[in-house]
Amino acid sequence: MSSYCDYCNTHPEDTFNKSYHDSEYGFPLKDDNLLFERLILEINQAGLSWITILKKADHFRKAYHKFDIAKVAKYGEKDATRLLDDTGIIRDRLKVNAAIVNAQRILVLQKEHGSFGNWLDQHHPLTKEEWTKLFKKTFVFTGGEIVNEFLMSTGYLAGAHDENCHVYKKVASLRPAWMRRA
């Protein structure tokens, strides 16, 4: 299987993936709402192609109040129904519920660790398997592939870009977590 970098280089017509690859994928995130957004987008990708999520990303942001963790954590049945009726996002009850429950759990992490980002930093570095166990214990709807892509896309695991990729040096200059040792 070729890498994401190879795919983007050989499919210039796919501007959604190219833009994401060049400006977001693998770049370290510190803002909790952005980390939450990435987690929820990765959860919603499960069973679907990433291009589907990229094309719907702006609508996801509107539907989920810009992924404001405190707001999403307060969602009730009325909000869940609104989301399940929204054709601009993925309408899956398990994924909608995961967003709400995971927002609530991130609020707890923020109280205990100061931020979701701090919680991630305090557990870094872990192996993929250790991260997956931790996420499964802490969150819902977080299988191995979701956890791997979330961590790789936010700079906690290596491998987002090939070393010969034009984006690799940009990401490396930001010293993502995978480049730092505990």
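Contact is taken here as heavy atoms within 4.5 Å. The model is predicted, so that local features need pLDDT of at least 70 and side-chain atom pairs count only at pLDDT 80 or more, while totals for chains, interfaces and linings use all residues. Residues are numbered from 1 along each chain as its sequence is written, and side-chain values use heavy atoms, with hydrogens and water left out.

Helices (DSSP runs of H or I, at least four residues) are numbered from the N terminus. Phe-16, Asn-17 and Tyr-20 of α2 meet Trp-50, Ile-51, Leu-54 and Lys-55 of α4. By class, the residues of this contact are five nonpolar, one polar and one charged. The axes of α2 (residues 15-23) and α4, lines fitted to C-alpha atoms over the stretch in contact, lie 9 Å apart at an angle of about 80°. The two helices are therefore roughly perpendicular (65 to 115 degrees).

A nonpolar core is a set of buried Ala, Val, Leu, Ile, Met, Phe, Trp, Tyr and Cys residues joined through side-chain atoms within 4.5 Å, where buried means under 20% relative accessible area, exposed over 50% and partly exposed in between (1.4 Å probe, protein chains only). The largest such core has 48 residues, and Tyr-64, Phe-116, Leu-120, Phe-135 and Leu-151 have the most contacts inside it. Its largest share, seven residues, comes from α7. Beyond neighbours within four places in sequence, Tyr-64 contacts Val-72, Tyr-75, Leu-83, Ile-89, Val-96 and Ala-99.

Leu-174, in the segment after α11 (168-173), is partly exposed, with a relative accessible area of 45%.

Methods
Axes fitted to C-alpha atoms, helices over the stretch in contact; angles between N-to-C directions. Parallel < 35°, antiparallel > 145°, perpendicular 65-115°, else oblique. Nonpolar A, V, L, I, M, F, W, Y, C, P; charged D, E, K, R; others polar.
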